[in-house]
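Here is a short briefing to read alongside the model. Take a moment to look it over before going through the notes.

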Amino acid sequence: MNVLSIPTWMVHVSSVIEWTVAILLVWTYAQVSDKLYWRSLSWGMLPALISAMCACTWHFFDNAPSLDWLVTLQASLTVIGNCTLCLASWWIFRSSSDVKETDN
């Protein structure tokens, strides 16, 4: 009854893969552009990635009641991830503003 359909699994798994690739691309951009403050975004994306992995794990085990704690962990990591993404965005904005001021 709780088993996900194949298309739903495809969406779940591809989202985790895409998020992982996005983290790696942002990290690579930071290195190539020499704007190392962009690494904060990669770090800020990690809680959301772990949150998605919790959801996939819970579904993989057919939403087992013994793993209900994963749902709580997933929700908590979503909130933490939203906060870390907000902080990373602020850090990038602040750091890029500092760079512009020193260029003038």
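Which helix gives the most to the lining of the largest pocket? In this predicted model, that helix is α2, with 6 residues. The notes below start with the pocket, then turn to a histidine and to the aromatic pairs.

**The largest pocket**
- The volume of the largest pocket is about 160 Å³.
- At least two lining residues come from each of α1 (6-33), α2 (39-60) and α3 (68-103).
- Among the lining residues are H12, W19, A52, C56, Q74 and T78.

**H59**
- H59 sits in helix α2.
- With a relative accessible area of 18%, H59 is buried, because the cut-off for that class is under 20%.
- Beyond its neighbours within four places in sequence, H59 contacts L4, W9 and H12; H12 also belongs to the lining of the largest pocket.

**Aromatic pairs**
- The model has 4 aromatic pairs.
- One of them joins W27 and W43: the ring centres are 6.0 Å apart and the planes meet at 80°, so the pair is edge-to-face.
- Because W27 lies in helix α1 and W43 in helix α2, this pair ties together parts that are 16 residues apart in sequence.
- W27 is partly exposed at 26% relative accessibility, whereas W43 is exposed at 54%.
- Y29 and W38 also form an edge-to-face pair, with ring centres 5.3 Å apart and planes at 85°.
- Y29 is partly exposed, at 37% relative accessible area, and W38 is partly exposed at 24%.

Methods:
Residues are numbered from 1 along each chain as its sequence is written. This is a predicted model: local features need pLDDT of at least 70, side-chain atom pairs count only at pLDDT 80 or more; totals for chains, interfaces and linings use all residues. Side-chain values use heavy atoms; hydrogens and water are left out. On a 1 Å grid over the protein atoms alone, a cavity is a set of points where a 1.4 Å probe fits but cannot get out, and a pocket is an open set with protein on both sides within 12 Å along at least five of seven lines; lining residues have an atom within 4 Å of a point. Grid points are joined across faces, edges and corners, and a volume is the space filled by probe spheres set on the points. Helices (H or I, at least four residues) and strands (E, at least two) are DSSP runs, numbered from the N terminus. Buried means under 20% relative accessible area, exposed over 50%, partly exposed in between (1.4 Å probe, protein chains only). Contact means heavy atoms within 4.5 Å. Rings of Phe, Tyr and Trp (its six-membered ring) pair if their centres lie within 6.5 Å; planes under 30 degrees apart count as stacked, over 60 as edge-to-face and the rest as tilted.
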